[in-house]
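Subject: Structure handover

Dear colleague,

Please find the structure below, for your files. My notes on it follow.

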Amino acid sequence: MGDTQAPAAPRLAPAPSRVLFVTGRLAEPALRRTLGDMAPPFAYDVAVLKITVAALMTTEWMSRFLSVPPGVELVLIPGLCEGETDVVERAAGVPVRKGPKDLREIPAFFGRATAQRDYGAYNIEILAEINNAPKMSRRDVRAAAEAFRESGADVIDIGCTPGLEYPALGDVVRELVGAGMRVSIDTFDAAEIRTAVAAGAELVLSVNGANLDVARDLKGSGARVVAVPELGDSLATLAPTLEALDRWGVTAIIDPILEPIGHGFMASLERYAEIRRRYPAAEMLMGIGNLTELTAADTTGVNAILIAVCQELGIRSVLTTEVIPWARGAVRELDVARRLMHYAVTGNTIPKGVDDRLVTVKDPAPLFYTESELRALQSAITDPNFRIFADRDGITVFNSDVFVRGTDIQDIFAQLHVDEPTHAFYLGKELARASLAVTLGKTYRQEGALSWGYLTPADDAATEHVRLTQRARRGAAAGERE
């Protein structure tokens, strides 16, 4: 299978020679510090527009008041600005991009630009198994298949249940194939294999000496088969199966079988390496569910490591399931991992600094302000709205009159003397999120979602407390210009 290119993490073109950073008055000092510490490999200017809070700008408003100096090749506006960038582009005459929602992420934003230019290729296909399909309705099977395909699966694997008849098997396979899906059948039962292949299944999992004769019937069908060792036996038992498949002209993919931890896991990894030495050109498959489903650990890291093993050994197919609760999302994780490990292995680099979507519980690089920086920020504030920040040691809340710092959110809330129910609810929600950020060492951004890697939800502007209506926003912006 050749390399495939598909959408990956958001990317930015290589940095131009001169960049204009747009901000408001309140964020200007922090932006200048960030750029100074960053020492970017390009010249830059900072445009401070006549508004205190940069997030309150819209691109339409910005297009009327932004002046772009000669020589600027890119304008970077705050990521929280509402509106489309093309409005500003038409007025500025140069490309305009939205930056990160937190200005402290600007160095990483530009640092990844070059790496992500060629990022996203992969050459490992994902088979997603619908486990115990005979116990499910056709509607549920179709829904599961659609969900797996949306998550990045290349092949939908129909997992049969030993001893349980599956009268709808042929219809299920035909329906999925008719919907444009590639389908495999997961069974040792010869009748089920024949039914599925006749209906359009392109891959059979699996065959060995116990059911090898059925493979003879597949000659000319175009279906491939996964060859496995005899149950509990050595790799030597693969040879007769492979020789027979070769005689019959049936394409084989070898799976030495990944064993669970405590049942020969390391030895099974060695078998994959041994098969690669014995059969340098062979196609191989790894069923990684034996590890992810049977290990009480978050699957993101487990999937990343197993895909790295597959990438280095040239294993081009992986089979996964999402049965156990902690394995939910495994297909999406594998889709990220196969791109990341392809990038690392083919580029002889480490899988770091280009795609952080597999870092879920812990942040790749938590960002904090010091207390002295926060007190300096408070000195520039003239309104009563509370600003909330979190760092390794606690939570800070302040407005123009109050500066509260601590670790107990109930104690912090009591010192704010807020009685109005809506405002109290808002502060409670934000303080709870800030507390979680402190506990896990995450970056906290007021009113923004915490980062959970590929699981991060989009910010919900409808629930944000300080977001203004367009009418109020225009009034605020007009007032700032006075």
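Glu-430 has a relative accessible area of 0% and is therefore buried. The residue forms a salt bridge with Arg-433, with the closest N and O atoms 2.4 Å apart. Both residues lie in helix α17, three residues apart, which is about one turn of the helix. Arg-433 counts as partly exposed because its relative accessibility is 21%, and the cut-off for buried is under 20%. Please bear in mind throughout that this is a predicted model.

Helix α17 covers residues 421–440 and lies across β15 and β16, running at about 15 degrees to β15. These two strands belong to an open sheet of three, in the order β15-β16-β17, with antiparallel pairing. The edges of the sheet are β15 (387–390) and β17 (403–406), each of which pairs on one side only. On average, neighbouring strands in this sheet are turned by 15 degrees against each other, direction ignored. Helix α15 (residues 371–379) also packs on the sheet, where it touches β15, β16 and β17. The direction of α15 makes about 160 degrees with that of β17.

Strand β16 (residues 395–398) is joined to β17 by four bridges, and the two run antiparallel. Within this pairing, Val-397 stands opposite Val-404 in β17. Is Val-404 buried or exposed? Val-404 counts as buried, because its relative accessibility is 4% and the limit for that class is under 20%. Residues up to four places away in sequence aside, Val-404 touches Ile-395, Thr-396, Val-397, Ile-412, Gln-415 and Leu-416. For a sense of distance across the model, the C-alpha atoms of Val-404 and Leu-231 are separated by 65 Å, and the two residues are 173 places apart along the chain.

Asp-391 is in the loop between β15 and β16, whereas Arg-405 is in strand β17, so that the pair links parts of the chain 14 residues apart. Asp-391 counts as buried at 8% relative accessibility, and Arg-405 counts as partly exposed at 33%.

Eight strands close it in the order β7-β8-β9-β10-β11-β12-β13-β14, and the pairing is parallel. From one strand to the next, the twist averages 30 degrees. One of the pairs is β11 (residues 224–227) with β12 (residues 252–254), parallel over three bridges. Val-225 stands opposite Ala-252 in β12. Helix α14 (residues 330–346) lies across β7 (125–130) and β14 (317–320), and runs at about 175 degrees to β7.

Salt bridges number 29 in the structure. Among them is the one between the side chains of Asp-363 and Lys-442, at 3.0 Å from N to O. Asp-363 sits in the loop between α14 and α15, and Lys-442 in the loop between α17 and α18 (470–481), so the pair ties together parts that are 79 residues apart in sequence. Both partners are buried: Asp-363 has a relative accessible area of 12%, and Lys-442 has one of 0%. Elsewhere, Arg-138, Arg-142, Glu-146, Arg-149 and Glu-175 are linked in a network of salt bridges.

Glu-293 is buried yet has no salt bridge. Which side chain of opposite charge is nearest to Glu-293, and how far away is it? It is Arg-328, at 10 Å, whereas a salt bridge requires the nitrogen and oxygen to be within 4 Å. Glu-293 is placed in the loop between α12 (289–292) and α13 (299–313). The side chain of Glu-293 reaches two backbone nitrogens: that of Val-323 at 2.8 Å and that of Glu-322 at 3.5 Å. Neighbours within four places in sequence aside, Glu-293 is in contact with Thr-321, Glu-322, Val-323, Ile-324, Trp-326 and Ala-327.

Regards

Conventions:
Residues numbered from 1 in each chain as written. Predicted model: local features only at pLDDT ≥ 70, side-chain atom pairs only at ≥ 80, totals over all residues. Heavy atoms only, no water. Pairing = 2+ DSSP bridges. Axes fitted to C-alpha atoms, helices over the stretch in contact; angles between N-to-C directions. Contact = heavy atoms within 4.5 Å. Buried < 20%, exposed > 50% of the residue type's maximum accessible area, 1.4 Å probe, protein only. Lys, Arg positive; Asp, Glu negative; His and termini not counted. Polar contact = N/O pair within 3.5 Å; in protein donor to acceptor, adjacent residues only side chain to side chain.
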